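Here's a walk through the fold, starting with strand pairing and ending with a few single residues. Have the viewer open as you read.

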Amino acid sequence: MAVIEVIQGDITAVDVDVIVNAANSALAGGGGVDGAIHRAAGPGLHEACMKIAAEKRKAGASFSEPCPTGEAVLTGAFNLRCKGIIHTAGPVWHGRGESGLLASCYRNSLLLAEQSGFASIAFPNISTGVYGYPKDLAADVAVKTVRETLPDCPGIKRVLFVCFDRENYGLYQTRLS
Ligand code: ADP
């Protein structure tokens, strides 16, 4: 069974096979963790995202949603020390049942990491920044979904939650202890 850990820090600096980006559906890059990952990875990452977006649109995806909310896509890691980056689009919080979509982000990212042969994965606190998802409710969904999905991912040996702020760090510590 995989170990699940939490640290407070910057996801671009952690030592894992693959990191997850809280991206947007257009894969266009943005602020927050998305901006930090793009800055650290270098311009090759934006080019890779635009290539995937173009392919998905060619295959019928809507212009604004090459990566629909809750789904996940993989790119290389470029200047980052990890081997890959999984981009998932979290839901914007409206208080109208977004938990299923947030759970899909964690589940689909883990399944994609498993299919891609990665043994360790780091998650940011998806949707808890600009997208406004309450941090305590998001932590409930993240920890529960990862625990429920890991039995389907025998190749994944380590899951790391990387919390940028102290509040999220405390919420995850409580849930994982
Ligand atoms: P979203 O649009 O999904 O809410 P944000 O990037 O605004 O995405 O925020 C998601 C979480 O990522 C927030 O908890 C924010 O504090 C955190 N975050 C921002 N920068 C980093 C970073 N470099 N490493 C890890 N987490 C980060």
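S2 and S5 pair in the parallel sense, joined over 2 bridges; strands count as paired if DSSP finds at least two bridges between them. In that pairing, valine 18 sits opposite isoleucine 121 of S5. S5 also pairs in the parallel sense with strand S6 (residues 158-163), over 4 bridges, and there serine 120 faces arginine 158 of S6. To get from S5 to S6 the chain passes through helix H4 (residues 135-149), and this β-α-β crossover is right-handed. Right-handed here means that, with the strands pointing away from the viewer, the path from the first strand over the helix to the second runs clockwise. The element labels come from DSSP runs, numbered from the N terminus: helices are H or I with at least four residues, strands are E with at least two.

A word on provenance: this is a predicted model, where local features need pLDDT of at least 70, side-chain atom pairs count only at pLDDT 80 or more, and totals for chains, interfaces and linings use all residues. Residues are numbered from 1 along each chain as its sequence is written, and side-chain values use heavy atoms, with hydrogens and water left out.

Which way do the residues of S5 (residues 120-123) point? Ser120 and Ala122 go one way, Ile121 and Phe123 go the other, and all are buried. Buried means under 20% relative accessible area, exposed means over 50%, and partly exposed is in between (1.4 Å probe, protein chains only).

## The whole sheet

Zooming out, the sheet is open and has 6 strands in the order S1-S6-S5-S2-S4-S3, with mixed pairing. Its edge strands are S1 (3-8) and S3 (72-75), each of which pairs on one side only. From one strand to the next, the twist averages 25°. For the angles in this report, axes are lines fitted to C-alpha atoms (for helices, over the stretch in contact), and angles run from 0 to 180 degrees between N-to-C directions.

Over at S3, the pairing with S4 is antiparallel and uses 4 bridges. Alanine 72 stands opposite threonine 88 of S4 there. H1 packs on the sheet and touches S2 and S4, with its direction at about 130° to that of S2. H4, meanwhile, lies across S1, S5 and S6 and runs at about 170° to S6.

H1 covers residues 32-41, and its buried residues are Asp34, Gly35, Ile37, His38 and Ala41. Looking down the axis of H1, these fall within an arc of 165°, so they line one face of the helix; the arc is taken over the directions from the helix axis to the C-beta atoms. On the other side of H1, Gly32 and Arg39 are exposed.

What do the buried residues of H1 pack against? They meet strand S2 (18-23), helix H2 (43-58) and strand S4 (84-89), where contact means heavy atoms within 4.5 Å. Between the helices, the packing angle of H1 and H2 is about 115° and their axes are 5 Å apart. Ile37, His38 and Ala41 in H1 meet Leu45, His46 and Cys49 in H2. By class, that contact has 4 nonpolar, 2 polar and no charged residues. The classes go like this: Ala, Val, Leu, Ile, Met, Phe, Trp, Tyr, Cys and Pro are nonpolar, Asp, Glu, Lys and Arg are charged, and the others, Gly among them, are polar. Just after H1, glycine 42 takes a positive phi of about 95°.

Histidine 38, in helix H1, is buried at a relative accessible area of 15%. Beyond its neighbours within four places in sequence, histidine 38 is in contact with Asn21, Gly29, Leu45, His46 and Cys49. Arginine 39, also in helix H1, is exposed with a relative accessible area of 66%. Arginine 39 and leucine 80 are 41 residues apart in sequence, and 9.8 Å apart in space from C-alpha to C-alpha.

Leucine 27 has a positive phi of about 55° although it is not a glycine; leucine 27 lies in the loop between S2 and H1 and is buried, at 3% relative accessibility. Phenylalanine 78, not a glycine either, has a positive phi of about 50°. Phenylalanine 78 belongs to the loop between S3 and S4 and is partly exposed, with a relative accessible area of 42%.
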